[in-house]
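Reader: I have a model open and would like to go through some of it. Can you start with the terms?

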Amino acid sequence: MYQFKNSLLAAATASLIAVMPLYAQTPNNMLVVAQNIDDIVTIDPASAYEFSSGEYVANTYDTLVRYDALDTTVLAPALATDWEVDAAAKTVTFTLRDDVTFHSGNPLRGEDVVGSWTRVVSLDKAPAFILTQLGWTPENIEDMVTADGNTVTVKYEGDFAPSFVLNVLAARPASIVDMATVMANEVDGDMGHAWMNRNSAGTGPFSLGTYRPADILSLDANADYYQGAPAMERVVIQHNPEGATQRLQLEAGDVDMAKNLDPGQIAGLADVDGVRVETYPQAAVHWVSFNQKTESLTDPAVWEAARYLVDYEGMADGMLKGQMKVHQAFWPDGFPGALTETPFGFDPEKAKQILADAGVETPINVTMDVISAPTFVEMAQALQASFAQGGINLEIVPGTGAQVITKYRARTHEAMMLYWGPDFMDPHSNAKAFAFNADNSDDKYASTTTWRNAWMPPAEMNEKTMAALAEQDADKRLTMYLELQQETQAEAPFVIMFQAIKQVAMRDNVQGFVNGATSDYVFYRLVEKE
Amino acid sequence: MALTEGSGKGRERASLPPWIKTTALTIGSIAMTMLGLLFVTFIIGRVMPIDPVLAIVGERASQSTYDAVFLELGLDKPLVVQFGYYIWDVLHLDFGTSLLNARPVSEDIARVFPATLELATLGIVIGIVIGVPLGVIAAARKGSWIDQVARVLALVGYSMPIFWLGLMGLLIFYGILGWVGGPGRVGIFYVDVVPSVTGMILVDAALDGNWDVFKNAFSHIILPASLLGYFSLAYISRMTRSFMLEQLSAEYITTARVKGMSEWDVIWKHAFKNIRVQLITVIALSYANLLEGSVLTEIIFSWPGIGSYITTALLSADMNAVLGGTVVVGLIFILLNILSDLLYKVFDPRAK
């Protein structure tokens, strides 16, 4: 027995010694990122519609125009050197760069633009609706988009502001793919979709290295990138769903960047040498909505009272510190046309008075669905406490994201706490969601916040939303969106509370990381290590 | 009379060699078990309040996109028909495509199961190597300090949340001491360095003769495997102790001692020999539980195993992935049962 114990101890000691020299900083030409990437469904830009796949597409593909890494708030030339808009003819004519090659070495051609967009519209995957807004269908797309040498002519159907059209063409599904390579890998008429879920065929600063779902995604630098080769020869995104262990990896120097830390974990890094936290405002707004199919929630006084039952400052400075800021309009701060006024504060007495004046009987008992992720559940609990002070009792119904969305789409919820991020960086993306509803019938499905909550905006609001979409004068257009935001603040069954903030912790030597307002504007190409 | 004749013919037809009957019964039993398992899982998946189409297309896709995927998934057909199609495909070894990553489920399982197999196997080895001797010693020295230590270890193992223990383990052994590798199966510089033959990195590295990769992979697996091993040993040691106590109080043990046999021989050659069959059941159950995948351990250690794969799939109504995973888990239990039966026959002549 004594011998056995000794052997056991010796084996354990030997094992530990054998694995001791483990620390290694990442090399200067490689960026290692710890991130939860299990949201990725596909990486084909024709179907990629998740946060992490958006980041991937932004770094491997280009669009004709884009919000570039150098300034993510300005629409800049990308694969197109210039363009002309003829609003009367509803046409945009692009001139392509002549010095761009795909990762395969194939040169960029006008036919690639036509083919890429035809592919998106024909495949009709999740993000296709962004392009089909322009009146494109599988049947007409090849007439609507034509190429002649380095010139691409784009036609659209509908009364749209030029900026709206350009914003649509800067969106993720408008990415240009190497059609020769893609179609060479077509199987059973899938337009190369299966192949594109394992490979990249873009012009972007990186090409796909390795991708294993919920495991690893690595990018290899494109040395021939037309805006210059990235300093990082490789970017490795290691899947790690747990913030606590991301933090350990960052502190140990095994990763350069940790992207999913909660406020407590961020706070814990304050005194850690060699690590800093960067903050990036995001476009997503967080809100509570009231389904108008629930009788007790149809009185506008309830909506108005609810706006005074959120402890905005308390939540933003407390549990949400560094993760969200107070914002009460549908278009996010930091973008042209955003309404930054925050007229509502936590005032339970005023809320009670509003309900009493309107003759609304309290308490009002209502269920509120919420995604059962840590921050959301805490937010819901805070709302439960503050709403109760005004006579509105919220019963929290937590569920997985898929459960909540299923219920929301079916319009069977009562109240809902969720968030909304624009599909592309044009105010119409959010105005359509919060201030427009063409038809409130159950069978007229729409993915907007208005339809999902069975709310029919006043006719004037609907008309103004469409008028703003068509407005050719840029300044006047922004003024119209400001007015729409004020009107929804006053008249809609939504309580918009916060705008998201992204916090990314990184090693001190990492510079040049760009994290724009959405996942489509996360760029690694300017990253350097000092 | 007719019945008698019929019975007689039946007896004639049944006069096949016993091993054929046994094999046929076993195969039939496995097939029925798998069918039942799949049916129940399928129904659970379909009655969950989750729309699988939304899991694929997202909440903002157009109605036409939604409708196309709805039809593509065959959701317009009755449940029984959907299940029939699924079984037909499975019989052709087609487990379908995962809704969550658009890849064949068989490919996913081939990727995630070896990760779990490697982790669970090392875990159960740790559990057996420490748990069995600990249980035997605790029983042999009942009431002694080592018995108390075993009791506390088991109690902690039963009651401590694995999530917390995993995080503490990482904090101490990875974050502070730097003795082990961090989350993930292998360090970032060793990813895909050795060709994947079995999908188990330790094995693949050994086959390739790349001992740097082996060492790095070992540094990553040792902590989660020890954690799983600890939870197994808590169970195995307590059960071993209980079985041993029963044996050590038997008359044949007293007789052996009276005859002057050494305590070592009494314990290991007599008492332990008689608990082997029971231990096989305990170990097989522990191993099967580990092979199902420990979701929390996989999350903490970023281990791409079958536990988190099935759980994520279930929460998104990705039924192809869930059913594919269920087939694997079901087969594991069946195979371990068969293995246990075979081992019974080896260790217990009466079972022959």
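Author: Two strands pair if DSSP finds at least two bridges between them. Helices (H or I, at least four residues) and strands (E, at least two) are DSSP runs, numbered from the N terminus. This is a predicted model: local features need pLDDT of at least 70, side-chain atom pairs count only at pLDDT 80 or more, and totals for chains, interfaces and linings use all residues. Residues are numbered from 1 along each chain as its sequence is written, and chains are lettered from A and ligands numbered from 1 in the order in which they are written.

Reader: Fine. Which way does strand β14 of chain A run against β16(A)?

Author: Strand β14 (residues 364-371) of chain A runs parallel to β16(A), and 3 bridges join them. Met368(A) stands opposite Ala415(A) in β16(A).

Reader: And strand β12 of chain A, parallel or antiparallel to β16(A)?

Author: Antiparallel, with 6 bridges between β16(A) and strand β12, residues 275-290 of chain A. There, Ser289(A) faces Met416(A) of β16(A).

Reader: How many residues of strand β16 of chain A are buried?

Author: Strand β16 covers residues 415-420 of chain A, and 5 of its 6 residues are buried, so the strand is largely enclosed by the rest of the structure. A residue is buried if 20 or more other C-beta atoms lie within 10 Å of its own, exposed if 12 or fewer, and partly exposed in between, with C-beta atoms placed from the backbone.

Reader: Next, β7(A). Which strand forms a hairpin with β7(A)?

Author: β6(A) does, with 2 residues between the strands; Gly149(A) in the turn has a positive phi of about 65°. Strand β6 (residues 145-148) of chain A is antiparallel to β7(A), with 4 bridges, and Val145(A) has Val154(A) as its bridge partner.

Reader: What about strand β5 of chain A?

Author: Strand β5, residues 91-96 of chain A, is also paired with β7(A), antiparallel over 5 bridges. Thr93(A) sits opposite Thr153(A).

Reader: Which residues are on the covered face of strand β7 of chain A?

Author: Val152(A) and Val154(A). The uncovered face of strand β7 (residues 151-155) has Thr151(A), Thr153(A) and Lys155(A).

Reader: Helices now. At what angle do α18 and α19 of chain A pack?

Author: About 155°, with the axes 9 Å apart, for helix α18 (residues 459-470) and helix α19 (residues 474-491) of chain A. Axes are lines fitted to C-alpha atoms, for helices over the stretch in contact, and angles run from 0 to 180 degrees between N-to-C directions. α18(A) and α19(A) are therefore roughly antiparallel; angles under 35 degrees count as roughly parallel, over 145 as roughly antiparallel, 65 to 115 as roughly perpendicular and the rest as oblique.

Reader: Last topic, chain B. How many helices and strands does chain B have?

Author: Chain B has 15 helices and 0 strands. Its C-alpha trace spans about 85 × 85 × 40 Å along the principal axes, and 44% of its 352 residues are buried.

Reader: How many residues does each chain put into the contact?

Author: Chain A and chain B put in 48 residues each. Two residues are in contact if their C-beta atoms, placed from the backbone, lie within 7 Å.

Reader: Which helix of chain B gives the most to the side that touches chain A?

Author: α8(B), with 5 residues.
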